[in-house]
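Morning, everyone. I have one model to walk through today. Take a look at it first.

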Amino acid sequence: MVKDNDTVIQEFNELVNMTTAELENWLNEEQSEDSGWSKDDGSSETIGHESGRKIIDILNNNPSKDPDKYDEEDLQHMRKVVSYCKRHLAQEAKAKQNTDSKSYKSLKNWGHDPLKT
């Protein structure tokens, strides 16, 4: 069953617990590139790193988090973020225990800092 947009927006805003500045700073660190699957486009950027950049755009374009101001592309990516974060938080307790783990780094690329929860 597909979640309705209101649920996706609510869960995205709960799961993405990093500010734009925190996420930008994290993505500029070399360790943010140490986890995740590489994109198929020949670049060295991972899918999660690209996701982080898209999250920054979503947050910057709608700082008030007004549900009516998200477009379909935003909602589509927000849905991916919610799915990814929920799945990995359920499977990987290691992310909270080891900040050097790929799980921790990957979740941060997706806008969720496990140490903030």
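In what order do the elements of the protein run from the N terminus on? They run α-α-α-α-α-α. That is six helices and zero strands. Helices here are DSSP runs of H or I with at least four residues, strands are E runs of at least two, and both are numbered from the N terminus.

Ground rules next. This is a predicted model, with local features needing pLDDT of at least 70, side-chain atom pairs counting only at pLDDT 80 or more, and totals for chains, interfaces and linings using all residues. Residues are numbered from 1 along each chain as its sequence is written, and side-chain values use heavy atoms, with hydrogens and water left out.

Confidence. pLDDT is the predictor's confidence in each residue, from 0 to 100. The mean for the protein is 88, and 90% of its residues reach 70 or more. Among the elements, helix 1 has the highest mean, 97. Helix 5, residues 94-97, has the lowest, 72. Where pLDDT is low, the predicted coordinates should not be read in detail.

Now burial. Buried means under 20% relative accessible area, exposed over 50%, and partly exposed in between, with a 1.4 Å probe and protein chains only. Of the 117 residues, 43% count as buried. Contact means heavy atoms within 4.5 Å. Among contacts between residues at least 6 apart in sequence, 64% join residues at least 24 apart.

On to the core. A nonpolar core is a set of buried Ala, Val, Leu, Ile, Met, Phe, Trp, Tyr and Cys residues joined through side-chain atoms within 4.5 Å. The largest one has 22 residues, and Phe 12, Leu 23, Ile 55, Met 78 and Val 81 touch the most other members. Helix 1 (5-15), helix 2 (20-28), helix 3 and helix 4 (72-91) each supply at least two residues of this core. Helix 4 gives the largest share, six residues. Take Ile 55. Leaving out residues up to four places away in sequence, its contacts include Phe 12, Leu 23, Val 81 and Trp 110.

His 49 sits in helix 3, residues 47-61. Is His 49 buried or exposed? It is buried, because its relative accessible area is 10%. Beyond residues up to four places away in sequence, His 49 touches Leu 27, Ser 32, Glu 33 and Asn 109.

That Asn 109 is one of the buried residues of helix 6. Seven of the eight residues of helix 6 (residues 102-109) are buried, so this helix is largely enclosed by the rest of the structure. Lys 105 and Lys 108 are among those buried residues. Gly 111 follows helix 6, and its phi is positive, near 90 degrees.

Asp 74 lies in helix 4. Asp 74 counts as buried because its relative accessibility is 13%. Asp 74 touches Ile 58 and Lys 69, again not counting residues up to four places away in sequence. Asp 74 and Lys 54 are 20 residues apart along the chain, and their C-alpha atoms are separated by 8.4 Å.

Asp 74, Lys 54 and Ile 58 are among the residues lining the second largest pocket. Helix 4 gives the most to that lining, with five residues. By type, the lining divides into one nonpolar, two polar and six charged. Ala, Val, Leu, Ile, Met, Phe, Trp, Tyr, Cys and Pro count as nonpolar, Asp, Glu, Lys and Arg as charged, and the others, Gly among them, as polar. On a 1 Å grid over the protein atoms alone, a pocket is an open set of points where a 1.4 Å probe fits, with protein on both sides within 12 Å along at least five of seven lines, and lining residues have an atom within 4 Å of a point.
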